[in-house]
Amino acid sequence: MATCNGERRGEGSPKGDHCSGPTSRRSFLQAGALGVAGFGLSDLLRLKARAGETVGPDHPAVIFVWLPGGPPHMEMYDMKPDAPSDYRGAYWPIKTNVSGLDVCEHMPLHARCADRYTIIRSIAHEFADHGGGHKRFLTGRDPKAPAGFVNDAPMVGSVVAKSFEHRNAGLPNYISGTDAGRAGVDTYSFGAAYLGSTYVPFNVPGDPSADDFQVKNLSLDKSVSDRLSDRSTLLSNLDGLRREIDRSGMMSSMDRFNQQAVNMLTSDKAATAFDLTRESEAVRERYGMHAWGQRALLARRLVEAGCTFVTMVMEKPYQSGIPFAKNGTYNWDSHAVNCHLFDDGKIRLPIYDRAVTALVEDLHARGLDRRVLLVVTGEFGRTPRISYRKGTQTGVEQPGRDHWPQAMSMLVSGGGLKMGQVIGSTNSKGEHPQDRPLTPNDLWATVYRHLGIDYSQSLIDYTGRPMPILPDGEPIAELL
C-alpha cells in the first residue's frame with residue numbers, strides 16, 4: 001500500500017502535513033489510472049468517467065477537413081473567367097455534372113460527382129490574420145486578439161466532445177489527424193479554452209500512407225501489454241483496490257474510467273478502425289496513396305466505427321514521396337513570396353481533388369451520406385487581385401494571392417442535406433458576397449443541427465458566466 005512520503009497537500013486540505021490513510025483519491029488517480037493504464041489514451045479519458053451512454057456506430061457524425069493557410073477560392077470553386085486578367089488567374093473552369101456548377105480544370109474528379117456535394121461561395125468574416133482567422137472560424141466568435149492561435153472560446157469539435165461526453169462508442173468521440181510535429185492543439189486553434197484539456201482531440205499525427213505509420217497512443221510496450229493480457233484480472237484487481245480504499249463508493253466514476261481505457265486498448269474496435277490495411281488496395285488507391293488521401297480514408301473509417309467528430313488536416317502536399325517543389329509552399333498560404341501560386345496549384349490541387357472526391361463518393365456508396373456530414377474549408381480565401389513578388393525560395397518574381405476573409409468558398413456533402421447546388425455568389429471580381437451573405441456561424445448552426453445539439457444552450461466559462469454555444473447564426477436553409 002502507498003505511504004505518506006511527503007505527499008503534497010491537495011487543494012482544500014487541512015493545514016499541515018498529514019496522512020489520510022493507505023492512499024488518497026488523487027494518488028489513486030495517478031498511480032492507478034495513469035500507472036496501470038499510462039499509455040497516453042488515459043489522459044484523454046480522464047475525468048470523462050461518469051456513467052456512459054453506450055451507442056452503436058449509427059449516430060450523426062461530422063468529418064471536418066481543415067485546409068490551413070487559406071485556399072484560393074478563385075482557383076478552386078469560384079472561378080471568374082470573365083474578370084480582368086490580374087484577377088482571373090491562369091486556370092480555366094470546367095463543367096460538372098450539375099448545371100451552373102463549374103470547378104477548376106485541375107480538379108476533374110470533382111466534375112463527375114458534383115451532384116453529391118454543395119459549394120457555398122458567400123461565407124465571409126473580418127479577421128485577416130491566420131490566428132485571428134482560425135479562431136474566428138473555428139469557434140464562432142470574434143477572438144479577443146486578432147493574432148495568435150490560443151483559443152479564448154472552445155473549437156467546435158471540443159463543444160461536440162463536451163456535448164457527447166457520456167457517449168461510449170468504444171473510441172474517442174473527437175479525433176484529429178495532422179502531420180507529424182503539428183499535433184499541438186494551438187497549432188490550428190483546436191483548443192478547448194474554458195472547457196478544459198479533457199475535450200481536446202485525440203490526435204493521430206503522421207503520414208497514414210507510410211509503411212511504419214502507427215497510432216502511438218494505442219501502441220503498448222511489452223511491459224504494459226503483459227499487464228493488459230488478462231483484462232478481467234486487471235479489472236478485478238482495480239475493483240478490489242477500489243473497495244479497499246473507498247468503501248463509500250465515491251470511486252465508481254474512476255472505475256468506469258479505467259474500464260473505458262482498458263477496453264479501448266484490449267478490444268479490437270479502436271485498433272481495427274485505425275488499421276487502413278483492412279481496406280482493399282483499390283479503395284486505398286482511389287483515395288490516393290499519400291497523406292491526404294489516406295487521412296481522408298481514415299476519417300471515413302473512424303466515423304463508421306462510431307466517432308462523432310473527426311478533423312483531418314490537409315496542409316502539406318509535398319510528402320509521401322512527392323518531392324518538394326522549389327516554387328511550392330507548405331500549406332495553402334499562397335503569397336507570392338511563398339510560392340508560385342499556379343505552379344504550386346498544379347501539384348496541390350490534383351492531390352486534393354482525389355482525396356476529397358473519394359471521400360464524397362465513398363460516403364454515398366456506403367450509405368453514410370445521411371448520418372455523416374462532410375465540411376471542407378480553410379480559414380479564409382485569397383485576395384481577388386493577383387500580386388507579384390520575388391519568391392523567397394526561387395529569387396524571381398512570381399504570382400500569388402494574399403489573405404482575404406471577405407470571400408471564401410467551401411464544400412459540404414452528406415448529412416442528409418440537399419446536394420448538387422451552389423449557395424451564394426460573389427461579385428464579378430470575387431471580392432465579396434453578392435448574393436446570400438453568410439458567416440461561419442451559419443455553417444456551424446447547420447452542423448450543430450445535424451448533430452442534434454441545441455446551439456442556443458450555454459456552457460460555463462472561466463468566470464462562471466454562461467456562454468451560448470453560438471452567439472448568432474442560423475442553419476443554412478438551402479441545405480435543409
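**A strand and its surroundings**

Mentor: Let's begin with a pair: isoleucine 63 sits opposite leucine 374 in β10. Keep in mind that this is a predicted model, where local features need pLDDT of at least 70, side-chain atom pairs count only at pLDDT 80 or more, and totals for chains, interfaces and linings use all residues. Residues are numbered from 1 along each chain as its sequence is written, and side-chain values use heavy atoms, with hydrogens and water left out.

Trainee: Which strand joins β2 through six bridges?

Mentor: Strands here are DSSP runs of E with at least two residues, helices are runs of H or I with at least four, and both are numbered from the N terminus. Two strands pair if DSSP finds at least two bridges between them. β2 also pairs with β9, in the parallel sense over five bridges, and there valine 62 has phenylalanine 309 as its bridge partner. The strand with six bridges to β2, also parallel, is β10.

Trainee: How many residues of β2 are buried?

Mentor: Buried means under 20% relative accessible area, exposed over 50%, and partly exposed in between (1.4 Å probe, protein chains only). In a regular strand the side chains alternate between the two faces of the sheet. Ala61, Ile63 and Val65 point one way from β2, Val62, Phe64 and Trp66 the other way, and all are buried. β2 is largely enclosed by the rest of the structure, because the buried count is six of the six.

Trainee: Is threonine 329 buried or exposed?

Mentor: Threonine 329 lies in the loop between β9 and α13. Leaving out residues up to four places away in sequence, threonine 329 touches Pro317, Tyr318, Phe324, Asn338, Cys339, Asp344 and Arg348 (contact means heavy atoms within 4.5 Å). Since its relative accessibility is 9%, threonine 329 counts as buried.
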